[in-house]
Amino acid sequence: MSAPLLTVEDLEVSFPGRTGFTRAVRNASFTLGRERLGIVGESGSGKTTMGRALLGLLPRTAQVTARTMSYDGTNLLTCTERDWQKLRGRRLSMVMQDPKYSLNPVMRVGRQIAETALLHLRTDRGDAKRRTLAMLEAVQIRDPELVYRLYPHQLSGGMGQRIMIAMMLIAEPDLLIADEPTSALDVTVQNEVLRILDDLVRVRGMGLVMISHNLTMVSSFCDRVLIMYAGRIVEECAASELQNAKHPYTQALIAATPSLDVRRTELATVTRDPEWLK
Amino acid sequence: MSESAEGGSVAVRQNPGRQAAKLASRVGSFVLTLAATFVGLTAVTFFISRLTNIDPVLAIVGDKATSAAYDNAYLALGLDKPLIVQYFIYLMRLLTGDFGRSVLTSQPVLADLLRVFPATFELATIAIIIGVVVGVPAGVIAGATKGRWPDQVIRVVGLFGYSVPVFWLGLIGLFVFYGKLGWVAGTGRLDVFYQGVVTQRTGVILIDAALEGNWEIVGNAFSHLILPAGILGYFSLAYVARMTRSFMIDQLSQEYFTAARIKGNSYWRAVWRHAFPNIMVPLITVIGLSYASLLEGAVLTETVFAWPGLGLYITRALFNSDMNAVLGGTVLVGAVFITINLVSDLLYKLADPRLRAS
């Protein structure tokens with residue numbers, strides 16, 4: 001693998017609260033090439049916060065420090081708001097969780113997709129529309145001309161998420177962060193959306209960060225997996241090696257996934273050890 | 001999400017026959033609502049007016065009348081009939097535009113209303129324009145800079161508008177801008193010199209004078225209007241800005257706003273292009289209600305500026321037990337509210353695709 005796309009060293013994110021600071025991400029270090037990296041962990045383990053930190057989109061109150069945080073030669077730590085605007089959407093982008101909330105309800109979906117193109121590519125309205133229609137086709141929308149004119153409430157969840165993918169990929173970024181892209185969808189359409197996402201990322205040779213709490217999905221979909229617990233990256237391993245994970249938390253997570261083959265009356269739970277925190 | 005569609009086959013088209021039937025039923029239910037509101041409004045005002053122990057006969061014949069004259073008037077007014085019959089007679093008269101005669105002005109109430117309402121309309125309209133043109137952007141900016149200095153400045157200015165009594169502001173305004181600086185004209189709608197020059201068409205002096213091309217009078221009327229309208233506008237501005245601010249704060253924490261920024265929109269572009277269109281429905285409600293309450297007439301402002309408007313008219317009628325005038329004024333205010341609600345409903349559908357059809 002050539003020089004990494006993304007390098008993060010000692011990332012710390014904390015939020016001020018009434019009783020001092022809450023450290024949402026602690027000492028996180030990882031690198032990413034043009035590969036698929038899964039980030040797995042329970043709710044509140046800092047996955048989403050880390051994803052948003054990479055886009056410079058944490059709330060104003062958040063304190064972000066790191067030894068290094070660079071993306072393809074750009075130092076993200078010293079980015080101005082204007083620099084970020086050039087990066088977001090164009091160089092790195094993000095698919096959010098629930099299309100019901102992440103699409104603007106009063107704007108036609110076609111315009112929402114075309115907007116990303118108009119913001120970043122030197123293009124006019126007509127060309128942006130052509131690109132949008134092509135993009136809609138790429139996410140396997142059957143009647144792009146019709147869907148272009150629809151509003152988000154007229155779409156199903158699966159269609160909405162494909163619109164979201166189209167909107168975030170139209171300006172051809174090199175890295176996509178997918179923050180639980182299928183957990184708001186019906187199980188039946190989850191695989192379809194994942195397959196579309198997979199195809200596009202593969203064809204364009206993009207890097208992908210897949211944030212999820214679904215171990216099975218991540219291990220079959222990604223090359224490498226980071227396990228997060230209480231803001232720390234507790235384990236990093238190849239997705240194929242996940243079954244042989246060493247950290248007790250990871251082992252507990254794997255054990256907590258019920259198997260269809262073994263009959264059980266009681267599900268395994270994760271017993272936490274304070275030792276994990278240092 | 002019953003009309004959701006999968007894969008591109010979308011169920012948004014309907015056959016025209018069903019659409020026509022839908023439209024007819026919607027118009028029908030609208031007319032029914034309108035009629036019910038109108039009957040309710042007139043019933044409440046009518047029966048309340050009859051509950052007061054004001055003798056409508058005495059108000060007409062005076063206390064020196066003979067008992068024969070009194071009885072004649074009593075019968076002529078139909079007061080011997082049951083109350084419910086009296087109400088229907090009143091309702092029928094209203095429908096033919098007969099609001100009765102005002103005791104105070106000895107004019108038909110309808111003629112009075114047609115004289116005073118345009119004055120209030122002129123004032124309220126300029127005021128709400130100021131309230132919206134300044135208040136909405138101020139509210140958006142305050143909401144988008146929550147807790148930082150632009151927000152603080154806008155909130156303090158708004159709070160001042162909220163808490164200072166209008167008569168004080170009116171008197172100080174007259175003292176400074178009319179008395180000391182001479183930038184604006186004084187009380188009333190026109191200088192005495194110009195009164196009666198323009199033929200009344202709409203009753204709104206700005207429009208009537210403009211129709212005749214008499215720009216001198218337009219200027220003079222504007223100079224009289226700007227101070228009271230500015231003060232009323234300041235009040236509605238304070239309210240509109242405050243509400244806009246809180247609507248915006250709600251929207252800025254929504255996921256679609258973050259998504260808009262991930263696409264590469266600047267913060268302010270996302271605020272105006274994405275968040276702002278999403279507050280239209282509640283904003284229209286707030287503006288509609290502000291405008292309606294301004295059209296009711298602002299008694300204090302009209303008093304300070306000797307502005308012959310609806311608020312002053314109804315207040316005077318109340319003090320003099322001029323029941324026909326009070327009833328007429330109430331019906332007019334009710335009609336204003338119904339109209340504004342209707343217009344708001346139409347605007348909602350323009351502003352939010354989720355409220356259209358189906």
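1. Helix H10 (residues 255–262) of chain B gives the largest share of the lining of the largest cavity, with 3 residues. Keep in mind that this is a predicted model. A search of the whole structure finds 1 cavity of 30 Å³ or more. The volume of the largest cavity is about 30 Å³.

2. Who lines this cavity? From chain A come Ser102, Leu103, Asn104, Gln112 and Met167. From chain B come Tyr256, Ala259, Ala260, Lys263 and His274. By class, the lining has 5 nonpolar, 4 polar and 1 charged residues.

3. Which elements give two or more residues to the pocket lining? In chain A they are helix H1 (47–54) and helix H2 (81–87). In chain B they are helix H5 (109–144), helix H9 (215–252) and H10. H10(B) gives the most, with 4 residues. H10(B) also gives the largest share of the cavity lining.

4. Helix H7 (residues 157–169) of chain A packs with helix H8 (residues 187–204) of chain A at an angle of about 15 degrees. Their axes are 10 Å apart. An angle under 35 degrees counts as roughly parallel, so H7(A) is roughly parallel to H8(A). The crossing of H7(A) with H8(A) is right-handed.

5. What makes the contact of H7(A) with H8(A)? H7(A) brings A:Gly158, A:Gln161, A:Arg162, A:Ile165 and A:Leu169. H8(A) brings A:Val189, A:Glu192, A:Val193, A:Ile196, A:Leu197, A:Leu200 and A:Arg204. By class, the residues of this contact are 7 nonpolar, 2 polar and 3 charged.

6. In chain B, look at H5(B) and helix H15 (residues 323–351). These two pack at an angle of about 50 degrees, and their axes are 10 Å apart. H5(B) and H15(B) are therefore oblique to each other. Their crossing is right-handed.

7. On the H5(B) side, the contact with H15(B) is made by B:Val109, B:Leu113 and B:Phe117. On the H15(B) side, it is made by B:Asn324, B:Ala325, B:Gly328, B:Gly329, B:Leu332 and B:Val336. The residues here divide into 6 nonpolar, 3 polar and no charged.

8. H5(B) has another partner to check, helix H11 (residues 267–275) of chain B. The axes of H5(B) and H11(B) come within 11 Å. They cross at roughly 130 degrees. H5(B) and H11(B) are therefore oblique to each other. The crossing of H5(B) and H11(B) is right-handed.

9. Which residues join H5(B) to H11(B) in this contact? H5(B) supplies B:Pro137, B:Val140, B:Ile141 and B:Ala144. H11(B) supplies B:Tyr267, B:Trp268, B:Val271 and B:Trp272. By class, the contact has 8 nonpolar, no polar and no charged residues.

Terms used: Residues numbered from 1 in each chain as written. Chains lettered and ligands numbered in written order. Predicted model: local features only at pLDDT ≥ 70, side-chain atom pairs only at ≥ 80, totals over all residues. Heavy atoms only, no water. Axes fitted to C-alpha atoms, helices over the stretch in contact; angles between N-to-C directions. Parallel < 35°, antiparallel > 145°, perpendicular 65-115°, else oblique. Left-handed = near helix turned anticlockwise from the far one by under 90°. Contact = heavy atoms within 4.5 Å. Nonpolar A, V, L, I, M, F, W, Y, C, P; charged D, E, K, R; others polar. 1 Å grid on protein atoms, 1.4 Å probe; cavity = no way out; pocket = protein on both sides within 12 Å on 5 of 7 lines; lining within 4 Å. Points joined across faces, edges and corners; volume = space filled by probe spheres on them.
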